[in-house]
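Here is a structure to read alongside its sequence. Keep both in view while going through the report.

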Amino acid sequence: MSEQYFREIAVFGLGFVGLPLSLCFTLANCKVTGVDVNAALVEEINSGITYHQERYRGIPIQEILRRELARGSFKATTDPREALENVRDIIVTVGLPVVAGQPDPGPLVACLESIAQGLKPGDLVLVRSTLVPGMMREVVKPLLEKSGLQAGRDFYLGYAPERIAEGRAFEEFVTMPVVVSGINQESLEEAAGLIGLITRAEIIPASSFEAAEVAKLIENISRDVNIALVNELSTVTQALGLNVFEVVRLANTHKRVKLLQPGPGVGGYCLPNAYHYLAPAARKAGLQLELMPAARRVNDAMPRRVADMVLRLLPVPPAQARVAVLGLAMKDYSSDCRFSPAVKVAEALQESGVMVRAFDPVVPPTYPFQVDSLEKALDGAHGAVILARQQGLPPEDPTVFARFLDGAGPFVVDAKNAYPHPAARELPVRIVPL
Ligand SMILES: NC(=O)c1ccc[n+]([C@@H]2O[C@H](COP(=O)([O-])OP(=O)(O)OC[C@H]3O[C@@H](n4cnc5c(N)ncnc54)[C@H](O)[C@@H]3O)[C@@H](O)[C@H]2O)c1
């Protein structure tokens, strides 16, 4: 190991977690080699390009990436062997995609097999991916032991599920408490030591891999279920002619009530997938879950509900209508549009015959209905629907709606409480809350 760095680390997976995590370690004076199977992504990253919306003390991730590349403290590669050669610490951030409700272990299995080929005595493998309960012991450990080395005896094996929120990664790697588990006490301590290089928050030991695996899932599921609660509430408030955001605000003045905010649905990689990771373990135990799948159904139905609200407000038949979709990300202030409910709303409107023009300043051009300015999205549209917040979205000056939207009964469906009640009543355009 070269003298100038604390540690040399290999990080597998350079996505929304892996890239900022790698850079967080380089900022803590470690040398990191990032490994990803996506050659185009590796090339982009090595040329200093990323679309992530992360900042560290106000500095955009793009600048940090370019600086660390230039300093030689970070590089990306598609070659696991090269990455593993000089390191003792290996971090895994490759997740399980969910296809038709089933977690696909394929990418993680391939990743672990590639690590097993270069694993050395004394190495630490720390998994940060969200897993199906039981996977650390039943899948991860045996795959790594294909190296001929035994977990807990010849190499350390730890599990610390990642908890950061996209858009706040650098801050939360430092400030978010971390749950850590190990195949044995020594592994737990090694894993905690590595995490301790970047975090100032509490490191909480779990008594087993399984406890850490399930705790991570219920963290995500609790948000999914609580969002479903207020999304379902919004059907009631709408029927009663009330504003759901006002009702939630009022209820939250109770000292023991903490309702979340309703919205156009729940997307991204984390919250919706968590139930699908827990379900196989529950099925294996012969259990029939009731509440969690119901919450998934409520949240999954939201994009269609929002699209139907828009269709009902149109002053012309859908085939003659134009609608501006504002915000395409799966959540506020993110460039991630994976499983985004906003995209689903846009697609549902299109399927009904509506011409959709969608604007999101940070989601990379992906969809044929995307345009590159707010004005282009709004110009001549019959109405708009606000689905995600971004810098400059929703527009600070709401008179822009009156200027650009079509004259006949323009409306703005506000799924994000961008224009809170009752001030919204004074605006020169009709605001329709969720
Ligand atoms: N995104 C978040 O905010 C977040 C938060 C907490 C936890 N997590 C969890 O962290 C994990 C990673 O999430 P993400 O959002 O970074 O996913 P991501 O899809 O953005 O990144 C995963 C990366 O792994 C790469 N990959 C696939 N197979 C590989 C292999 N064999 N070797 C090396 N790289 C490989 C992919 O090309 C991709 O770039 C998941 O388990 C997720 O549930 C994510």
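The report below covers sheets, helices, one loop glycine and an aromatic pair.

## Basis of the model

This is a predicted model, in which local features need pLDDT of at least 70, side-chain atom pairs count only at pLDDT 80 or more, and totals for chains, interfaces and linings use all residues. Residues are numbered from 1 along each chain as its sequence is written, and side-chain values use heavy atoms, with hydrogens and water left out.

Helices (H or I, at least four residues) and strands (E, at least two) are DSSP runs, numbered from the N terminus. Two strands pair if DSSP finds at least two bridges between them. Contact means heavy atoms within 4.5 Å.

## The eight-stranded sheet

Eight strands make an open sheet with mixed pairing. Their order is S5-S2-S1-S6-S9-S10-S11-S12. Strand S5 (74-77) and strand S12 (203-205) are the edges. Each has a single partner strand, so one side of each lacks a neighbour in the sheet. From one strand to the next, the twist averages 25°. Axes here are lines fitted to C-alpha atoms, for helices over the stretch in contact, and angles run from 0 to 180 degrees between N-to-C directions.

Within this sheet, strand S10 (residues 156-159) and strand S11 (residues 178-182) run antiparallel, joined by two bridges. Tyr159 sits opposite Ser181 in S11. Two helices pack on the sheet. H5 touches strand S1 (8-12), strand S6 (89-92) and strand S9 (124-127), and its direction makes about 170° with that of S6. H6 touches S9 and S10, and its direction makes about 145° with that of S10.

## Helix H6 and its partners

Helix H5 (residues 106-116) and helix H6 (residues 135-145) have axes that come within 8 Å and cross at roughly 40°. H5 and H6 are therefore oblique to each other. The cut-offs: under 35 degrees is roughly parallel, over 145 roughly antiparallel, 65 to 115 roughly perpendicular, and the rest oblique. From H5, Leu108, Val109, Leu112, Glu113, Ile115 and Ala116 meet Met135, Val139, Val140, Leu143 and Leu144 of H6. By class, the contact of H5 with H6 has 10 nonpolar, no polar and one charged residues. Nonpolar covers Ala, Val, Leu, Ile, Met, Phe, Trp, Tyr, Cys and Pro; charged covers Asp, Glu, Lys and Arg; the others, Gly among them, count as polar.

H6 also meets helix H9 (residues 209-239). Their axes come within 9 Å and cross at roughly 110°. H6 and H9 are therefore roughly perpendicular to each other. Met135, Met136 and Arg137 in H6 contact Phe209, Glu210 and Glu213 in H9. This contact has three nonpolar, no polar and three charged residues.

Nine of the 10 residues of helix H1 (residues 18-27) are buried (under 20% relative accessible area; exposed is over 50%, partly exposed in between, with a 1.4 Å probe and protein chains only). H1 is therefore largely enclosed by the rest of the structure. Among its buried residues are Leu19, Leu21, Leu23 and Phe25. Asn29 follows H1 and has a positive phi, near 65°.

Gly15 lies in the loop between S1 and H1. Gly15 is partly exposed, at 28% relative accessible area. Leaving aside neighbours within four places in sequence, Gly15 contacts Pro20, Asp36 and His52.

## The five-stranded sheet

A second open sheet has five strands in the order S14-S13-S15-S16-S17, with parallel pairing. Strand S14 (355-359) and S17 are at the edges, each with a single partner strand, so one side of each has no neighbour in the sheet. The twist averages 20° from one strand to the next.

Five bridges join S13 to S14 in parallel. Arg322 has Met355 as its bridge partner in S14. Four of the five residues of S14 are buried, so S14 is largely enclosed by the rest of the structure. Strand S13 (residues 322-326) also pairs with strand S15 (residues 383-386), in the parallel sense, over four bridges. Val323 has Gly383 as its bridge partner in S15.

## An aromatic pair

The structure holds three aromatic pairs (rings of Phe, Tyr and Trp, its six-membered ring, with centres within 6.5 Å; planes under 30 degrees apart are stacked, over 60 edge-to-face, the rest tilted). In one of them, the rings of Phe401 and Tyr419 have centres 6.0 Å apart and planes at 85°, so the pair is edge-to-face. Phe401 is in helix H15 (residues 399-404), and Tyr419 is in the loop between strand S16 (411-414) and strand S17 (430-433), 18 residues apart. Phe401 is buried at 0% relative accessibility, and Tyr419 is buried at 10%.
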